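Subject: The structure, and what turned up in it

Hi there,

Here is the structure I promised to pass on. Have a look at it first, and then read on for what I found.

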Amino acid sequence: AATGKVVDEFRSYVRPEVHPVLTTFCSELTGITQDQVDAAPSFPEVLEQLDAWLAAKGLAGPDAASDTSKSSSSVLFVADGDWDLRGMLPRQCALSGVEVPDRFKRWADVRVLFSEATKERKNMSLTKMCQRLRIQFVGKAHSGIADSRNIARVMLALIQDYGVVMRATGNVKELDQQDLALDSTHNKSSVNTNDGMSVQASQEDLTTDTICARVALLSASVPPQELDDTLRLMKLSREERRKVQRHLQLLGCLPSRHIPGELRRYRAVLGPKLLPTQLNLERAWAAAKKEGEDGVEEEEVEAVRQALLELPPLRCLSQEEPLVNGS
């Protein structure tokens with residue numbers, strides 16, 4: 001920021017694991033092609049490459065640890081909104097079975113700093129911020145490297161033209177406390193499932209989730225092309241239809257109880273609220289299966305349930321919202 005010049009850049013694609021085939025929408029939005037992600041390293045590998053890149057700059061690793069002026073605490077990531085580091089990164093780390101690095105647990109939200117400096121409304125898009133600051137947006141919107149470059153340009157303009165001091169605007173601890181405070185304003189009930197998994201949910205949410213789970217079981221034999229019309233005829237809301245579809249997407253797709261990586265991904269994809277319900281649905285579906293039919297057996301469901309209970313707890317910000325959204 002002192003000179004306004006780019007020192008270096010880091011960029012890497014990541015090979016997706018849960019949904020390895022990109023949708024047309026994703027490719028058109030980001031400009032990323034299937035060939036690019038097929039040839040890309042996995043998320044843990046990219047995280048290691050980022051570590052090596054930071055270490056080469058004296059901002060990570062043993063050298064940084066011995067130099068307090070260049071410790072990991074002096075590395076502050078600037079993001080366009082809280083979502084990337086508050087929500088998506090912890091979920092991806094949980095999915096990949098790695099811990100969230102400490103340096104990602106605090107960040108500067110450029111939208112907050114922009115709003116404070118210009119007195120404009122909060123949550124203004126990156127494109128709008130560039131327009132307001134008379135900065136030409138470079139590259140393709142929603143491209144990771146282009147967004148990073150434009151965030152840096154906005155941040156530099158705020159520092160040079162408005163005297164903004166770069167600081168952390170959010171961190172995992174504060175957000176976790178905010179979430180707990182928000183939860184306490186609702187009527188919450190503790191639900192202890194028979195598999196030892198405990199979650200917090202409002203009575204209204206419990207009722208809705210129970211209804212959606214039962215509808216999912218009843219709809220399991222409906223052809224996929226007819227499912228949405230069938231759910232509409234049941235007068236379900238859009239959110240209720242999505243919940244039903246979440247259950248049906250994974251019904252009959254249990255992970256191997258012998259492969260910890262599959263179990264961790266299954267747990268991360270479903271989330272703590274949906275996981276016990278999904279396992280109960282699997283057991284009910286297995287019990288209703290006729291003799292000789294293909295499908296999951298009740299014993300297999302119980303074995304997977306036990307294997308999930310034996311996994312170590314997640315060491316990241318808790319997220320109730322699952323990775324699979326049913327859309």
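Which helix does Gln92 lie in? Gln92 is part of helix α5. Before I go on from there, please keep in mind that this is a predicted model.

Gln92 has a relative accessibility of 23%, so it counts as partly exposed. Along the sequence, Gln92 and Pro44 are 48 residues apart, yet their C-alpha atoms are 9.6 Å apart in space. Helix α5 also holds Ser96. With a relative accessible area of 16%, Ser96 is buried, as the cut-off for that label is under 20%. If you set aside the neighbours within four places in sequence, Ser96 is in contact with Phe43 and Pro44.

That brings us to α3, which runs over residues 43-56. Which residues of α3 are buried? They are Phe43, Val46, Leu47, Leu50 and Leu54. These residues cover an arc of only 105° around the axis, and therefore sit on the same side of α3. Glu48 and Ala56 are exposed on the other side of the helix. As for what the buried residues of α3 pack against, it is α5. Just after α3 comes Gly58, with a positive phi of about 75°.

**Two aromatic pairs**

How many aromatic pairs does the structure hold? There are two. One is formed by Phe10 and Trp53, and it is tilted, with 5.7 Å from centre to centre and 40° between the planes. This pair links distant parts of the chain: Phe10 belongs to the segment before α1 (24-30), whereas Trp53 is in helix α3, 43 residues apart. Phe10 counts as partly exposed at 26% relative accessibility, and Trp53 is partly exposed as well, with a relative accessible area of 24%.

The other pair is Phe77 with Phe104, which is stacked: 4.6 Å centre to centre, with 20° between the planes. Phe77 lies in strand β1 (residues 77-79) and Phe104 in the loop between α5 and β2 (106-109), so this pair ties together parts that are 27 residues apart in sequence. Here Phe77 counts as partly exposed, at 22% relative accessibility, while Phe104 counts as buried, at 7%.

**The nonpolar cores**

The largest nonpolar core has 17 residues. Those with the most contacts inside it are Leu254, Leu263, Tyr266, Leu270, Leu275, Leu279 and Leu308. Two or more residues of this core come from each of α5 (83-96), α13 (260-288) and α14 (298-309). Helix α13 gives the largest share, eight residues. Another core lies apart from this one; it has 16 residues, including Ile151, Met155, Ala157 and Leu158.

**Two loop residues to look at**

Lys119 has a positive phi of about 65° although it is not a glycine. You will find Lys119 in the loop between α6 (110-118) and α7 (126-132). Is Lys119 buried or exposed? At 72% relative accessibility, Lys119 counts as exposed, since that label applies over 50%.

Arg134 is not a glycine either, and has a positive phi of about 60°. Its place is in the loop between α7 and α8 (144-162). Arg134 counts as exposed, at 80% relative accessibility.

**The chain as a whole**

To finish, a few totals. The protein chain has 14 helices and five strands. Of its 327 residues, 35% are buried. Among the contacts in the chain with a separation of 6 or more, 64% are between residues 24 or more positions apart. The chain exposes about 19300 Å², and carbon and sulfur atoms supply 51% of that area.

Best wishes

Definitions and conventions
Residues numbered from 1 in each chain as written. Predicted model: local features only at pLDDT ≥ 70, side-chain atom pairs only at ≥ 80, totals over all residues. Heavy atoms only, no water. Core = buried A, V, L, I, M, F, W, Y, C linked by side-chain atoms within 4.5 Å. Buried < 20%, exposed > 50% of the residue type's maximum accessible area, 1.4 Å probe, protein only. Helix = DSSP H or I, 4+ residues; strand = E, 2+ residues; numbered from the N terminus. Expected span 1.5 Å × (residues − 1). Arc of directions from axis to C-beta. Contact = heavy atoms within 4.5 Å. Phe/Tyr/Trp six-rings, centres within 6.5 Å; stacked < 30°, edge-to-face > 60°. Areas by Shrake-Rupley, 256 points an atom, 1.4 Å probe, with all protein chains shown as cover.
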